[in-house]
Structure formats: structure tokens, C-alpha cells
Amino acid sequence: MMGIPQPAFYIFKCQQSAPPGMPKPSCVSQNNPESQQLMQHLAQTLMQKGIIATVQPIQTSCLNRCQQGPVMLVEPGHTMYVGLTKEKIDRIIDEHLIGGKVVDEYVIDAAVWGDPIEPATMAR
Ligand code: FES
């Protein structure tokens, strides 16, 4: 039976912006004008490439890797991309989402992205 296909990917793009004057970094920042255009760039490029129906971009709040921002998480795969620019997003779309190969050079450092802890080991 053919149903409505699930998306191949979800992209969680952090859209958190810190209030003016706040010292903490944030993924959308007045100090980085390009950061304010990345979500729109992502969605537009997915549309232009014709893959918006199967790659769903989602705006999220903070993903707790603010020092590495702007960030976005690609699922499935749990791939956290950091230090984003429009150019990097273009490469991620072409090489990872269409080409099937993670763009390793834009992936978060393993030192701040260790293996997950199984909830079953923490649950009380
Ligand atoms: S503000 Fe984007 S990860 Fe925290």
C-alpha cells in the first residue's frame, strides 16, 4: 500500500537569538548579519533544488551548543553542523542531503559532541 512518504531528513536549525547586550553567544545574532538570513536561505535553497517535500527544515530554540553557532542538526544521523554560513549550507545540501556523504569539515568537534548516554542507564 502506498501512503504519504515520510521525509528523508529533518533539519533542526537553531533560531535562538540572545537579547541585545547579553554576553552569551547565540546562533542568530546582531553581530553576525548573515546568521539572520540562514533559515530563509536553507528553506529557499531546498525549494530551488526541488527537495523541500522530502527534506523538512524546522526552526528550533537553543540546541545547547551556542559556542559553536550558528548550528543545525540533521536527522537521521544525529549530525551537528556548526559555524554555519550560506556557503556551508549549500555544500551540506549538495553533498550530504543529495550526495549522501556527511561534510566532515563542518561537523561539530567530537570533544563537545560525545557519544549519547542511554536514557535507560539514567532513569530512576
Ligand atoms: S543558541 Fe543555538 S545552540 Fe544555543
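Predicted model: local features only at pLDDT ≥ 70, side-chain atom pairs only at ≥ 80, totals over all residues.

Reader: OK. How many helices and strands does the protein have?

Author: Three helices and four strands. Those are DSSP runs, numbered from the N terminus: helices are H or I with at least four residues, strands are E with at least two. From the N terminus on, the order of elements is β-α-β-β-β-α-α.

Reader: And in what order do the strands sit in the sheet?

Author: The sheet is open, with four strands in the order S2-S1-S3-S4 and mixed pairing. S2 and S4 (79-81) are the edge strands, each pairing on one side only. On average, neighbouring strands are turned by 20° against each other, direction ignored. The axes behind such angles are lines fitted to C-alpha atoms, for helices over the stretch in contact, and angles run from 0 to 180 degrees between N-to-C directions.

Reader: Mixed how? Which sense does S1 use with S2, parallel or antiparallel?

Author: Parallel: S1 (residues 9-14) and S2 (residues 55-60) share six bridges. With S3 (residues 72-75), S1 pairs in the antiparallel sense over four bridges. For strands to pair, DSSP has to find at least two bridges between them.

Reader: What does phenylalanine 12 stand opposite in S3?

Author: Leucine 73. In S2, the bridge partner of phenylalanine 12 is isoleucine 58. Cysteine 14 stands opposite threonine 60 in S2.

Reader: Where does H1 lie?

Author: H1 lies across S1 and S2, and runs at about 170° to S2. S1, H1 (residues 38-48) and S2 make a right-handed β-α-β unit. Right-handed here means that, with the strands pointing away from the viewer, the path from the first strand over the helix to the second runs clockwise.

Reader: Switching to the core. Which residues touch the most other members?

Author: In the largest nonpolar core, with 18 residues, they are Leu42, Val71, Met72, Tyr81, Leu84 and Ile89. H1 gives the largest share, four residues. A core like this is a set of buried Ala, Val, Leu, Ile, Met, Phe, Trp, Tyr and Cys residues joined through C-beta atoms within 7 Å. Buried means 20 or more other C-beta atoms within 10 Å of the residue's own, exposed means 12 or fewer, and partly exposed is in between, with C-beta atoms placed from the backbone.

Reader: What is isoleucine 89 in contact with?

Author: Leaving aside neighbours within four places in sequence, isoleucine 89 is in contact with Leu38, His41, Leu42, Thr45 and Leu84. Contact means C-beta atoms, placed from the backbone, within 7 Å.

Reader: Which loop holds asparagine 64?

Author: The loop between S2 and S3. Phi of asparagine 64 is near 65°, a positive value in a residue other than glycine. Histidine 78 has a positive phi of about 60°.

Reader: Is histidine 78 buried or exposed?

Author: Exposed, with 9 other C-beta atoms within 10 Å. Asparagine 64 is exposed too, with 11.

Conventions. Residues numbered from 1 in each chain as written. Contact = placed C-beta atoms within 7 Å.
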